[in-house]
Amino acid sequence: MDKVERERRHRASLERINRVQLVVGRGDRMRVDHEGTLLERARMLGEEMRSHEATEQGLAAFDRLLRLAEERDARHTRDILVFLSAVWSNRPLPLATLRGLDPAVGDDMLAVLDAFRYARLDLVEAVEGGPRRVAHLLAERRLSKA
């Protein structure tokens, strides 16, 4: 799914949120709870915005980490590969992997974790080159998905 499609889905979600109405009561006493509707819309809107923002930032960070790992002489390549492998194969990540990194690399890892938490899509599938890039890197450096 490319950025245009993600943006289209985001806009569609926002439109759905704007149509939500909270109804209370039973039978002839049913009515729209305007205050409850506003509160529910605000909650849903916050969740959608957080998810969309985390997804976009996480995908950009994932791509930067892939580019760094693809460089032959990049610092922290081993840590980046361990991180990418954990995200791709849904394995535990040793927390020590997040220590002692350049701030930009650590921030990118945290952005990917945030996207993993909020995103409604598979990050590896959505990044340019996707699984092919990750598999090639991990095989080249002797880390596998299995």
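This is a predicted model: local features need pLDDT of at least 70, side-chain atom pairs count only at pLDDT 80 or more; totals for chains, interfaces and linings use all residues.
## R6 in helix α1

R6 sits in helix α1, which runs over residues 3–18. The residue is buried: its relative accessible area is 10%, and the cut-off for buried is under 20%.

Beyond its neighbours within four places in sequence, R6 contacts M1, H52, T55, E56, L59, L121 and A126.

## How α1 packs on α2

Two packed helices are described by the angle between their axes and the distance between the axes. For α1 and α2 (residues 34–70), the angle is about 175 degrees and the axes lie 9 Å apart. That angle makes the two helices roughly antiparallel, since angles over 145 degrees count as such.

From α1, the contact draws on K3, R6, E7, H10, S13, L14, I17 and N18. From α2 come R41, M44, L45, E48, M49, H52, T55, E56 and L59. By class, this contact has six nonpolar, five polar and six charged residues.

## Helix α3

Helix α3 covers residues 77–89. At 1.5 Å a residue, its 13 residues should span 18 Å. The end C-alpha atoms are 18 Å apart, so the model agrees with that expectation.

Ten of the 13 residues are buried, so α3 is largely enclosed by the rest of the structure. The buried residues are T77, I80, L81, F83, L84, S85, A86, V87, W88 and S89. They pack against α2, α4 (103–118), α5 (123–126) and α6 (130–140).

N90 follows α3. Its phi is positive, near 55 degrees.

Notes
Residues are numbered from 1 along each chain as its sequence is written. Side-chain values use heavy atoms; hydrogens and water are left out. Helices (H or I, at least four residues) and strands (E, at least two) are DSSP runs, numbered from the N terminus. Buried means under 20% relative accessible area, exposed over 50%, partly exposed in between (1.4 Å probe, protein chains only). Contact means heavy atoms within 4.5 Å. Axes are lines fitted to C-alpha atoms, for helices over the stretch in contact, and angles run from 0 to 180 degrees between N-to-C directions. Angles under 35 degrees count as roughly parallel, over 145 as roughly antiparallel, 65 to 115 as roughly perpendicular and the rest as oblique. Ala, Val, Leu, Ile, Met, Phe, Trp, Tyr, Cys and Pro count as nonpolar, Asp, Glu, Lys and Arg as charged, and the others, Gly among them, as polar. The expected span of a helix is 1.5 Å times one less than its number of residues.
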